[in-house]
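This briefing is meant for someone meeting the structure for the first time. Please look over the sequence and the model below before reading on.

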Amino acid sequence: MKQEMTAQQKQLYDSVIVLDDSACWIWQGQVSNSGYGRLKQMQEDKTVQMVSAQSASYRAFIGAIPDGSLVKQQCGNRLCINPAHLELMKV
Ligand SMILES: [Zn+2]
């Protein structure tokens with residue numbers, strides 16, 4: 001990442017290890033029972049909620065997640081939050 005990151009982007013990027021071969025950003029924080037990264041994050045209404053790491057990454061680096069969509073990893077790695085590996089999936 002060469003361009004300046006926002007505080008939220010930096011917080012996420014500081015919580016990953018980047019794999020050399022796949023360029024996956026492997027989440028180093030909390031992991032849910034289903035094997036996905038997760039973190040506590042302040043919401044727009046100032047409440048703190050547990051959100052999935054890939055959703056937080058998508059919002060921070062790409063944009064809003066439309067209603068009825070989930071963020072999934074194209075690379076198949078549940079702990080990966082590289083925005084280039086994320087895609088939206090209709091629920
Ligand atoms: Zn990946």
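Predicted model: local features only at pLDDT ≥ 70, side-chain atom pairs only at ≥ 80, totals over all residues.

Three strands form an open sheet, in which 3 strands follow the order 3-4-5 and the pairing is antiparallel. Strand 3 (30-31) and strand 5 (48-52) stand at the edges with a single partner strand each, so one side of each is left without a neighbour in the sheet.

**Strand 3 with strand 4**

- Strand 3 and strand 4 (residues 37-42) run antiparallel and are joined by 2 bridges.
- Gln 30 has Arg 38 in strand 4 as its bridge partner, while the bridge partner of Val 31 in strand 4 is Gly 37.
- The hairpin of strand 3 and strand 4 has 5 residues between the strands, and in this hairpin Gly 35 takes a positive phi near 95 degrees.

**Strand 4 with strand 5**

- Strand 4 also pairs with strand 5, in the antiparallel sense and over 5 bridges.
- Arg 38, which is the bridge partner of Gln 30, stands opposite Ser 52 in strand 5.
- In the hairpin of strand 4 and strand 5, which has 5 residues between the strands, a positive phi near 75 degrees is found at Lys 46.

**Background**

- Strands of a sheet pair through hydrogen bonds of the backbone, and this pairing may be either parallel or antiparallel.

Methods. Residues numbered from 1 in each chain as written. Pairing = 2+ DSSP bridges. Helix = DSSP H or I, 4+ residues; strand = E, 2+ residues; numbered from the N terminus.
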